[in-house]
Amino acid sequence: MDTRLSTGITGLDNILHGGLAKGFLYLVEGSPGAGKTTLALQFLIAGAKKGEKGLYISLAESEAELRYVADSHGMDLKNVEICKISPPEIAGDAGKQYTVFQPAEVELSDVLETILTKVRELNPSRVIIDSMSELRMLARDSLRYRRQVLSLKQFFEGRDCTTLLLDERFKDNEESQVQTIAHGVLCLEVLQRSYGITRRRLEVLKIRASSFREGYHDYVIEKGGVVVFPRLVSGEHRGHSMMAENLPSGVPELDALFKGGVQRGTSTLIVGPAGCGKSTLCTQFVVQAAQRGERTAVFTFDETRQSFRVRSRGMGMDLDPYLDKDLIHLEQVDPAELSPGEFIYRIRRGVEEKRWRIVVIDSLNGLMNSMSEEEGLTVQLHELLSYLNQVGVASFMVLAQHGLVGSMSSPTDVSYLADNVLLVRYFEAAGEVRQAISAMKRRSGPHERSIREMRLTSGMLVIGEPLKNFVGVLTGTPEFRGGQSLL
């Protein structure tokens with residue numbers, strides 16, 4: 001019978017499909033500062049809460065240091081025994097000479113015997129040995145080290161005891177002795193960024209006879225311990241049958257661009273130069289949804305929360321009543337303090353727990369520029385949009401192009417990710433700078449091919465009739481063919 005033990009970390013249990021199998025030996029390796037000790041303490045405390053006895057064997061840190069770490073996280077070490085082993089003290093007096101054995105052989109044997117004696121004495125359900133690097137240095141050579149690790153594994157087999165071996169992982173250290181012996185291997189990484197917080201990620205390298213969520217998963221260390229954000233896999237959410245329902249914007253002419261409106265469960269990309277009204281278009285959909293009693297979320301990277309509220313109020317869309325009722329979640333994102341995994345996790349949690357029906361990312365420029373060092377960011381964005389589509393949530397993304405009038409260029413091509421694409425342009429006519437809007441793509445069906453003028457007047461978003469008698473509107477210099485006036 002496969003009995004799973006909770007690690008005490010919700011996200012990690014999700015990755016491990018329920019936790020660690022009971023009675024086996026696991027390796028947790030990572031660079032300094034990755035959070036190995038914190039994770040190990042959470043593992044022991046999770047067992048202690050269920051009445052299981054835990055033993056923390058430390059070969060490096062003192063008991064006072066470990067208790068200080070636990071206190072900093074508000075952890076209760078009740079029912080957890082801490083045993084500090086100091087090899088030099090066990091080996092004997094500093095001046096003692098060894099005539100038959102090498103000092104390292106005696107020290108290693110004594111350390112291992114002390115560990116085994118302590119386990120026999122307490123008979124714990126969960127054991128931590130921190131750290132294997134100390135045993136490796138005592139062993140001196142890889143063959144002796146491997147034999148000692150095997151002896152540890154054989155000792156714990158059949159004792160109904162789950163053991164975590166903590167080990168340091170350095171770039172120039174490719175030691176894999178314990179990896180091949182352990183039942184499972186968890187690797188914690190610390191990635192340095194040129195600016196902002198240090199990014200941490202976790203990978204399960206192997207778990208024998210058990211499935212798990214593969215790939216890298218971002219995590220953070222906060223007060224209370226390690227928090228893991230499992231990688232989002234959109235394919236796990238397939239099968240949700242959603243009705244093809246249109247999402248009204250409250251502006252009939254805007255809905256007409258998509259032959260009735262944007263559909264639920266689709267992603268819409270709004271592209272255009274700075275200040276042309278992209279965020280206002282998103283806000284129009286958000287406010288209309290809030291008026292229907294639906295919950296929505298707006299994540300802004302380029303604008304402060306206060307500025308967003310003031311600008312929306314100036315357009316006749318007062319967000320405050322809906323913010324107070326939690327119908328609209330408006331969050332100013334500081335990407336220097338956030339990893340892609342945590343950002344996606346926040347959205348997923350809001351969709352599942354708060355039932356958000358619309359999610360706005362304003363803007364992709366801010367997201368991608370601030371996380372430009374992250375590998376696979378576009379792939380993660382694709383997974384997020386696919387997930388939102390499959391659970392029936394409409395997503396809106398804003399992308400600012402370079403330039404104002406005439407030739408335009410995008411910092412990145414993400415139009416293939418979106419189901420719908422709205423293009424907003426400045427153009428010059430009658431001595432004024434005006435705005436034009438058009439639907440460039442609709443994956444779920446036909447869309448209007450015309451170009452309409454858009455105006456952001458005081459307290460109103462106005463979209464006019466198709467500009468059928470103008471040529472070259474999207475180039476910024478239209479030619480009037482007569483027969484029609486502008487708004």
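1. Does Phe-155 count as buried or exposed? At 14% relative accessibility, Phe-155 counts as buried, where buried means under 20% relative accessible area, exposed over 50% and partly exposed in between, with a 1.4 Å probe and protein chains only. Phe-156 is buried as well, with a relative accessible area of 2%.

2. On the basis of these notes: this is a predicted model, in which local features need pLDDT of at least 70 and side-chain atom pairs count only at pLDDT 80 or more, while totals for chains, interfaces and linings use all residues. Residues are numbered from 1 along each chain as its sequence is written, and side-chain values use heavy atoms, with hydrogens and water left out.

3. The structure holds six aromatic pairs, a pair being rings of Phe, Tyr and Trp (its six-membered ring) whose centres lie within 6.5 Å, with planes under 30 degrees apart counted as stacked, over 60 as edge-to-face and the rest as tilted. In one of them, the ring centres of Phe-155 and Phe-156 are 5.3 Å apart and the planes stand at 75°, so the pair is edge-to-face. Phe-299 and Phe-343 also form an edge-to-face pair, at 5.4 Å centre to centre and with 85° between the planes. This second pair links distant parts of the chain, since Phe-299 belongs to strand E15 (residues 295–300) and Phe-343 to helix H13 (residues 340–353), 44 residues apart; helices (H or I, at least four residues) and strands (E, at least two) are DSSP runs, numbered from the N terminus.

4. Helix H6 (residues 132–139) packs with helix H7 (residues 142–156) at an angle of about 130°, their axes being 8 Å apart; axes are lines fitted to C-alpha atoms, for helices over the stretch in contact, and angles run from 0 to 180 degrees between N-to-C directions. H6 and H7 are therefore oblique to each other, given that angles under 35 degrees count as roughly parallel, over 145 as roughly antiparallel, 65 to 115 as roughly perpendicular and the rest as oblique. The contact (heavy atoms within 4.5 Å) is made by Met-132, Leu-135, Arg-136 and Ala-139 of H6 and by Arg-144, Tyr-145, Val-149 and Leu-152 of H7.

5. H6 is mostly covered, with six of its eight residues buried, namely Met-132, Ser-133, Leu-135, Arg-136, Leu-138 and Ala-139. Just after H6, Arg-140 takes a positive phi of about 70°.

6. Two cis peptide bonds deserve a look. The bond from Asp-130 to Ser-131 is cis, with omega near 5°, and Ser-131 is found in the loop between strand E6 (126–130) and H6. The bond from Asp-362 to Ser-363 is likewise cis, with omega near 10°, and Ser-363 lies in the loop between strand E17 (356–362) and helix H14 (364–370).

7. His-17 has phi near 55°, lies in the loop between helix H1 (10–15) and strand E2 (20–21), and counts as partly exposed at 40% relative accessibility. Arg-355 has phi near 60°, is placed in the loop between H13 and E17, and counts as exposed at 53% relative accessibility.
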